[in-house]
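Thanks for coming. I will go through the contacts between the chains, then one chain's confidence, then two residues.

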Amino acid sequence: MNWTWFHRLGSPPHAYRLAQRLTPWFAWPAAILCLLALYGGLVLAPPDYQQGEGFRMIYVHAPTAWMSLMVYTTMALAAAVALIWRIKVAHAAAAACAPIGASFTFAALVTGSLYGEPMWGTWWEWDPRLTSELILLFLYLGYMGLRAAIEDPQRADRTSAVLAVVGVVNVPIIHYSVSWWNSLHQAPTVMRFGKPHMSPAMLWPLLVMLIGFTLLFAALLLVRLRAEILARERNAAWIREELGA
Amino acid sequence: MPELQHAALGAPDAAVAGSAAPRAAVTLLAAARLVLQRDLTLAFRRRAQLVQPLAFFVIVTMLFPLAISPELARLREVAAGVLWVAALLASLLALEFLFRDDAHDGTLEQYVLSGQPLTALMFAKTAAHWLLTGLPLAVMAPLAALSLGAPPAALPGIVVSLVIGTIALSLIGSIGAALTLGIRRSGVLLALLTLPLSLPVLIFGARASELAILGDPIVAPLELLGALAVLGITLAPLASAAAVRISLE
Amino acid sequence: MSDPCLQAENLHLWRGERHVLRGVSFALSRGVCLHVAGANGAGKTSLLRTACGLLPAESGRLSWDGRDVQEDLAGFQGALIYIGHEPPLKADLSALENLRYWIGMRRRVSPAALASALQRVSAAAWSERPARTLSAGQKRRVALAALSLALVPLWLLDEPTTNLDGEGQQLVGALIEEQLARGGMVLAATHQELPLAPARVRRLELRLA
């Protein structure tokens, strides 16, 4: 198998230019799909027979919650690649993931709380998914805190990469233990999110939003990756050429 | 001097110069035992430090009756949670010392360069840490549990759950301690890294103790706790060895 | 001269923004001492730490007996002893205990061997005292005792003569001579001259960026 593409991807100038070229290919579809899904979810979809109009929060809440996990997995994957093959660009990608993932996690918590208020009558419920989401936010904060605390950039990269890998092993364990814990203490009246039976008119905007958010993440990642590469390579000759041109 | 050199060069000492590096004649097990022995010896030279996490554990459990109510019936309801939160915090407190001195005086560097698998040495260090903090906590727990209104019949269950749970906590903590090596004032960051990873241990451990206090069978959460400890034994030393190597770069 | 045993080719090392090692190459054969010289901050310590596999070089190759050290890092590291600026001693352990644990990780040492090694560095009188009470020079002598006990082919010494009195410096020279005579190798970083007959010493000069 020819691995040159893999190593070319690892070269900062190549990755920088590739990210620049790819960004619009993700950003525009993301914007179009998100708008389409918003229209479908807020206007076309019928109100839920139990939850009324309040259920529409799911069109933002579920995709952000999904993204919060996906971004963490991506970050850990990039970190593992960077650790194993010593690829600097992969470290930059992992670093770029963290704030995006933390933002999605935070958004999932806020929308969950907004969603919960009409459903449960409280702003916060120790629902297993919200609890896991909260713990995930702390995992992100720990990752960013560790990265910021280490002065040597190479060591910061490699140490936080170990943490990301440790974290991703723990995410399913945490999720399982929290669900287990919740099943012991759960009050029977609590309303559950994400009903398995949604009518197609309700479902398609959710799926479109999911794809839209994934593309949005890709676009944000590419932009942040470029910023990371610029900051890391600020003294390199190719950057002067790039910006001079 | 030059004569001596030439004379000696004629007969190089094969044991030393042999190109096949003389593999450490010390077995892995013996090396790990030395690490354990050294840490225990050092700890007993500083007994005062040894008692601190224990004293912390007791004083934290003491806060709750003062903050909530002296009624044993009310305390009994939260006793399992209080014991586990106190144990978690006490074991966290001791973590900062796990690698700090070794990193400072160059011992970690020599461990890395010893030619022995670092993972095994990290495991030995974590074992020493558990013997010095986790095990004493579990042994002290009955006193704290009784003062929180737990029935005497619950004590064996509480001790067993703490013995298994603190093994997992020490292992998870060793990762956090290794990751924060070389960071000044790392205490809060260490807590931020370690606590989310420790939550499953807290959940299963507190549940086991709670069931023990209620007089119910505790096998299910104990098994889950045991699974976490086994997972920790297999994976945590790998992660802390990787983090220690990186900290020396 | 026999084939080189430890060989570095074009090592590059970056520490953050600083390009510390810029294409360093050397070859070390049996019975040779390589004196790494250079001003403060020229990268002597970094070179030593790279040469023992503690610091991964960004590019370049480090080989031991013709094989890349990364192939069997633990085996390579088992064949060397590295002594940095500070001898790695535990303050609460005595000189004797320190040696026992330090060298004991690598090979079995008899109490008699320990005693004679301490005797050799004139440490017998204070070998039972906690390292915390020892002077910098005395700690350095304990490290010298470790060198002679380790019986490994490669020594990496960072400023081996600091803090030592005249007699101690002569001792460093004598120990290195013995190591070379046994067919061992020494990589010593110091900005001073080594107390050693120049015949077997090669020099590697590192320049500041």
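How many residues does the contact take from chain C and from chain B? Chain C gives 45 residues and chain B gives 43, where contact means heavy atoms within 4.5 Å.

Before I go on, the ground rules. This is a predicted model, in which local features need pLDDT of at least 70, side-chain atom pairs count only at pLDDT 80 or more, and totals for chains, interfaces and linings use all residues. Residues are numbered from 1 along each chain as its sequence is written, chains are lettered from A and ligands numbered from 1 in the order in which they are written, and side-chain values use heavy atoms, with hydrogens and water left out.

Back to chains C and B. About 4,000 Å² is buried between them, 56% of it from carbon and sulfur atoms; buried area is the accessible area (1.4 Å probe) that two parts lose on being put together, summed over both. On the chain C side, C:Lys90, C:Tyr101 and C:Met105 supply 20% of the area buried against chain B, more than any other three residues.

Five salt bridges are counted between chain C and chain B, a salt bridge being a side-chain nitrogen of Lys or Arg within 4 Å of a carboxyl oxygen of Asp or Glu. One of them joins C:Lys90 to B:Asp102, with the closest N and O atoms 2.5 Å apart.

Now chain C and chain A. Here the contact takes six residues from chain C and seven from chain A. The two chains bury about 530 Å² between them, with 28% of it on carbon and sulfur atoms. Two salt bridges are counted between chain C and chain A, including the one between A:Asp152 and C:Arg15, at 3.9 Å, N to O.

Next, confidence in chain B. Its average pLDDT, the predictor's confidence in each residue from 0 to 100, is 88, and 90% of the residues score at least 70. Over residues 1–24 of chain B, pLDDT stays under 50. Where pLDDT is low, the predicted coordinates should not be read in detail.

Is B:Gln110 buried or exposed? B:Gln110 counts as buried because its relative accessibility is 7%; buried means under 20% relative accessible area, exposed over 50%, and partly exposed in between (1.4 Å probe, protein chains only). Not counting residues up to four places away in sequence, B:Gln110 touches C:Tyr82, C:Pro88 and C:Trp102. B:Leu29, at 65% relative accessibility, counts as exposed.
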